[in-house]
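Subject: Structure handover and notes

Hello,

Here is the structure you asked about. Please open it next to this message, as the notes refer to residues by number.

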Amino acid sequence: MNEIKNDWSKEEILEIYNKPLMELLYEAATEHRRYHDPNTVQVSTLVSIKTGGCPEDCGYCPQAARYHTDIEGNELMSVQQVKAQALRAKSSGSSRVCMGAAWRNVKDGPEFDQVLEMVRTINKLDMEVCCTLGMVTENQAKRLAEAGLYAYNHNLDSSEEYYKEVISTRGYEDRLQTIDNVRKTNVTVCSGGIIGMGERVEDRAGMLVALSSLSPHPESVPINALVAVEGTPLEGQEPVSIWEMVRMVATTRIVMPFTQVRLSAGRTQMTKEGQAMCFFAGANSIFAGDKLLTTPNPDVNEDMELFKSLGLKPQKPFIKKTQPKTVEAEDSEYQDLGEKPRWSRPNHHIERNKETAVKNLIDGEMAKKSNARGQ
Ligand code: SF4
């Protein structure tokens, strides 16, 4: 039995990951029962409040402006639109709404003020509110906390070494700095990563070392399986096997036993039996709804049928922590500082990202020419 520890080595984590599967499952399920009700799963709904047009070059992401994918972009949604989606999610059993905006970082100004209003509105619906908005400064994190934010999502994606093979426009250090800024408030941290991007098992272990060295551990760790989207640099990646997913979930559960481990992107590629095995291995949170930010997800009804056959029930909000209080904009203690933080641009050289961006540029020019000829 492990106590909560923050000094896991990569070797220790690899030893767990590579155990005979039945032993790994047994150990993970045992740890799971120490801190969680094994028959309860948190259901979160993801709302893409601003889709596409992102200046970053994350190799897996169809929202990056430089890759030509089929996603339809949209400007920042209104507070009323988001409220309507939150109410729908609540009536289908979700206890948490996660709002995602395709931004590099938060910029002070009217759009951020609108997001703060969304946070106030959803917190007043007695749902946990989470945001994923890119990098945030300490003052911005405090303003989100004051509005009633429950969790902030900022994924580490992979190990520090492999991160440089996937994203060139921002650095791992800035990810950690954002998490640190959030930790200076009472907002909980949600941070995880993606497997199946071509990384080695050592990189998966490296990511878990980085996450588990955060003190306290992130309250929530999403484990995504890459959904290879056409038009992105990672479009040719083979899907990960269910065994890899189960091993990753079980290892995360053992390394961070108190954390909610979330099955995120890639659930459509799993059978119901595969998902059940992930729940047994310690996953206790899912995203509901037919779409994640931009990739497909199982339908809510399918999830509820699966819950019924497995005897699982959706987790109620605020069972891990009390509901934050919402401070209205006019009573706010933290002001819009008009901050222009200088987050780094490390510019790692990633051949496949460059090739994809150039190919998309050429395709775009050719499409423009042929449209012009047709007019
Ligand atoms: S993952 Fe986020 S930061 Fe990266 S390109 Fe997509 S929207 Fe932008």
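The model is predicted: local features need pLDDT of at least 70, side-chain atom pairs count only at pLDDT 80 or more, and totals for chains, interfaces and linings use all residues. Residues are numbered from 1 along each chain as its sequence is written.

Ligand site

The residues surrounding the ligand are C54, E56, C58, C61, Q63, A64, A102 and G134; a residue is taken as near a molecule if its C-beta atom, placed from the backbone, lies within 6 Å of it. Sorted by class, this shell holds five nonpolar, two polar and one charged residues. Here Ala, Val, Leu, Ile, Met, Phe, Trp, Tyr, Cys and Pro count as nonpolar, Asp, Glu, Lys and Arg as charged, and the others, Gly among them, as polar. An unreviewed UniProt entry lists C54, C58 and C61 under "binding site"; such annotations may be inferred rather than shown by experiment.

C54 sits in the loop between β1 (40-50) and α3 (79-91), and C58 is found in the loop between β1 and α3. Helices (H or I, at least four residues) and strands (E, at least two) are DSSP runs, numbered from the N terminus. Are these two cysteines buried or exposed? C54 is buried, with 22 other C-beta atoms within 10 Å, and C58 is buried with 24 C-beta neighbours inside 10 Å. The cut-offs are 20 or more other C-beta atoms within 10 Å for buried, 12 or fewer for exposed, and partly exposed in between, with C-beta atoms placed from the backbone.

Leaving aside neighbours within four places in sequence, C54 is in contact with Q63, A64, A65, A102, W103 and R104. With residues up to four places away again not counted, C58 touches A64, V166 and I167. Contact means that the two C-beta atoms, placed from the backbone, lie within 7 Å.

Helix α5

Eight of the ten residues of α5 (residues 138-147) are buried, so this helix is largely enclosed by the rest of the structure. The buried ones are Q140, A141, K142, R143, L144, A145, E146 and A147. Their cover includes α4 (110-123), β3 (128-132), β4 (151-153) and α7 (172-183).

A141 has 23 C-beta neighbours inside 10 Å. The C-alpha atoms of A141 and N181 are separated by 6.5 Å, although the two residues are 40 residues apart along the chain. Just after α5, G148 takes a positive phi of about 110 degrees.

Nonpolar core

The largest nonpolar core has 97 residues, and V97, V119, L144, L149, Y152 and V249 touch the most other members. Helix α9 (residues 242-255) gives the most to this core, with seven residues. A core is a set of buried Ala, Val, Leu, Ile, Met, Phe, Trp, Tyr and Cys residues joined through C-beta atoms within 7 Å. Beyond four places in sequence, V97 is in contact with T45, V47, A86, A89, I122, M127, V129 and C130.

Strand β9

Six of the six residues of β9 (residues 283-288) are buried, so this strand too is largely enclosed by the rest of the structure. β1 and β9 run parallel and are joined by four bridges; T45 has A288 as its bridge partner in β9. Strand β8 (residues 260-263) also runs parallel to β9, with three bridges between them, and L263 is partnered with I286. Strands pair if DSSP finds at least two bridges between them.

Regards
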